[in-house]
2 protein chains.
Amino acid sequence: MKIITVTTLCISLLLSSQCLAFTNETNKNTTFDLSKYSQEDFDYLAIKDPTKLSAASKRALERNYHKNADWFGRFSTQTLQGDFSFEEGVTRRDPSKVLLIDGLYYTWYSKAVGPSYGFGTGDPDKKVFPWDKTEIWYATSKDGNTWKEQGLAVGRGAKDSFDDRSVFTPEVLAHNGQYYLVYQTIKAPYLNRTKNQVGMAYANSPHGPWTKLNKPILSPANNGVWLGEEDNRFLVKKQGDFDSHKVHDPTLMYYNNKFYLYYKGERFGEKTTAGGREIRWGVAIADKPEGPYVKSEFNPITQSGHELAIWHYQDGIAMISCKDGPEQGTMQFAKDGVNFEIMSYITNVPDAIATVTSLDGDKYPGAALQWGLSHKYVIPAGKQWFEGHNQITKFTFRPNRNKRQYESSMGKVKKQK
Amino acid sequence: MKIITVTTLCISLLLSSQCLAFTNETNKNTTFDLSKYSQEDFDYLAIKDPTKLSAASKRALERNYHKNADWFGRFSTQTLQGDFSFEEGVTRRDPSKVLLIDGLYYTWYSKAVGPSYGFGTGDPDKKVFPWDKTEIWYATSKDGNTWKEQGLAVGRGAKDSFDDRSVFTPEVLAHNGQYYLVYQTIKAPYLNRTKNQVGMAYANSPHGPWTKLNKPILSPANNGVWLGEEDNRFLVKKQGDFDSHKVHDPTLMYYNNKFYLYYKGERFGEKTTAGGREIRWGVAIADKPEGPYVKSEFNPITQSGHELAIWHYQDGIAMISCKDGPEQGTMQFAKDGVNFEIMSYITNVPDAIATVTSLDGDKYPGAALQWGLSHKYVIPAGKQWFEGHNQITKFTFRPNRNKRQYESSMGKVKKQK
């Protein structure tokens, strides 16, 4: 038996080392599992000899570029009419998802009047940014192009409440005959190091009246540590979690019989990273719309995305990410609502896009983006960006799917049959 | 020995199956090799619990987003003065790399005069596209901003030669006191199904005179098969190689003691794919500048990129890809000049960018892009794109590296020390 044992050990070691080598090579992409792909895959990607794959061809196979064509396309934006046309001195921004109720489209948004001055003016009452000192208003439209402002939905709270300075960036969910608004809140004073929270209000009609919950439904992590007393958010002893400083841009989805509250996190001591600002998203999940919301252990669930639009696609959750981060301009999909995989790269994603929930988004990946709302900055010449105003705009998305072939723009060539 | 053999076989099978399982799991990303990453990596990516990694966090680790920040940044473009300012009815496009010779910047480009009409006019002499019926001109500048057109460098060939219709999209290489121009060539008639080739001319001064090689240095693959006789490039029996229809945008680099001729391929029966048009790049390599050029077995070496800018970076080759394909807007790097890995995503890459070879591109990844040339379309209102003209523009690239923190644009906040 001694011989057997020794031989076994040798073989065991031999096989283990082969196994390890193979695994390492897989990681290094020097071996590549061709059996997962068909001749059709190779033909589609113009791979002549699959035993001589360039890094680009391996990547195309691994990332399914040739199978994800339906996810690709291009955006365009249009200005809107009625109360969403340009109004001097007024900011309207961060439109919520658009609900279609009894033949009328509804959206909620942040509204403020008057100029902004940035931090450090010395006057704590001066409006800092376009989203400072805003309240949540709503508007309706018959056609999605001409909008009529209907009035205030959710105002700021009384002095000393958690939302006494600004309520903004609303998102809406209609569920079981109730309407829920989730939104960012700031408590005065608004300084560089001020944290913020997420609040909620509910109503049984889109016209309100809205009842606020008396406390936030989401707060930043409490594990960042500032360095010194100066009002400077870049001076830190410890950065803490991805959402140690701010919880922004809440989006509430009813999914798998639970309430998924997606949100952007900003971190103590934000760095300039690959792709720009250090920005990530997380999700917090609850059994009831009012919470309690428990942050996912898998947070952060993105490593990018100043703003995300998030919508239901078939059995999962789709999203598109606008600026900031290495994955800006990607459309992604998560079967479980948490683990998002990149499906496509889009180079011109508008800011703050909001989808129209009545569109049949299941038809194909970009179908939920047929049209929607976004916002743009209007910055007077010679002014800094934060001195400008925002205006709500419309976007449309033209998928590459079923796109006419290139000849259509190439002159008077006879059309293909 | 029989016992030994059987035992060995069992263990062998056991280990093999474990090995296979492990490899499959690696491919599915359900296991993840944490040992490759440090606590610093996790902290940088705000990963609180490395045993609970979201798909996004795994991807960030695998793709090295947190280590590639130097590759990220943003472009801007500026109009130029002198002969590169707008000139009604004149197309100047496809600037070559900029050479600095005795204190003067040089560039070569495609030039044409008069309108374009698209395919299918019925008049074979009518200019089809902005790049049709062009010749290669050159211009110089003292400062890179004001350019003086110096005259024709390489004209079209005599009737019935391979370059009798158009010579365009030049690229230049200075090597051992000689100058080499490589460029696209079309032989009349210019129809939808017309193939094209790559030609070369050389001179011992940037002012010429230029001597053309009497035959092309690169031709399309010969294995696409048209369907029927109609002049329609989308009707095919067989698409063939990635470069079965056209070889475009040659870029000649001296690298590893050989001449690397990078080029864009277009394919019989081009499809609309993920990311837009079906466009890929290849490389052909020669021992001498005039060839013979042998196409790499690893072609295609990209699966994207209507135009690429390609330059030396440290010991390898860097490139950036503008529109078309799922990897449009990526900066990539290949240690071997062939296997390109994505280093960054850039959302606003100008068209047809050309680098300035005298810049010290080794300082950091984007240093070669400090400034350079590009082109833009100027399309009169109500006209189709091909009825417009091109104008050569300047670009600058601002890397995220050393970018001032976001506070710089946030108002009067006290600057960080």
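## A buried tryptophan and its partner

Trp108(A) is buried, its relative accessible area being 0% (buried means under 20%, exposed over 50% and partly exposed in between, using a 1.4 Å probe and protein chains only). This is a predicted model, so local features need pLDDT of at least 70 and side-chain atom pairs count only at pLDDT 80 or more, while totals for chains, interfaces and linings use all residues. Residues are numbered from 1 along each chain as its sequence is written, chains are lettered from A and ligands numbered from 1 in the order in which they are written, and side-chain values use heavy atoms, leaving out hydrogens and water.

Tyr138(A) is buried as well, with a relative accessible area of 6%.

## Aromatic pairs

Over all chains, the count comes to 55 aromatic pairs (rings of Phe, Tyr and Trp, the last by its six-membered ring, pair if their centres lie within 6.5 Å; planes under 30 degrees apart are stacked, over 60 edge-to-face and the rest tilted). Trp108(A) and Tyr138(A) count as stacked because their ring centres are 6.0 Å apart and their planes at 15°. Trp108(A) belongs to strand S5 and Tyr138(A) to strand S6 (residues 135-141) of chain A, so this pair ties together parts 30 residues apart in sequence (strands are DSSP runs of E, at least two residues, numbered from the N terminus).

In chain B, Tyr262(B) and Phe340(B) go edge-to-face, at 6.4 Å centre to centre and 70° between the planes. Tyr262(B) sits in strand S15 and Phe340(B) in the loop between S22 (330-334) and S23, so parts 78 residues apart in sequence are tied together. Tyr262(B) is buried at 1% relative accessibility, and Phe340(B) is buried at 2%.

## Charges over rings

The charged end of Lys394(A) sits over the ring of Trp371(A), 5.2 Å from its centre (the rule asks for NZ of Lys or CZ of Arg within 6 Å of the ring centre and within 35 degrees of the ring normal). In chain B, Lys394(B) lies over the face of Trp371(B), at 5.3 Å from the ring centre.

## Strands and sheets

Back in chain A, S5 (residues 104-113) runs antiparallel to S3, joined by 4 bridges (two strands pair if DSSP finds at least two bridges between them). Lys111(A) in S5(A) is the bridge partner of Arg92(A).

Chain B has an open sheet of 4 strands in the order S14-S15-S18-S19, with antiparallel pairing. Its edge strands are S14 (246-255) and S19 (294-295), each pairing on one side only. S14(B) and S15 (residues 258-266) share 8 bridges, and Lys246(B) has Glu266(B) as its bridge partner.
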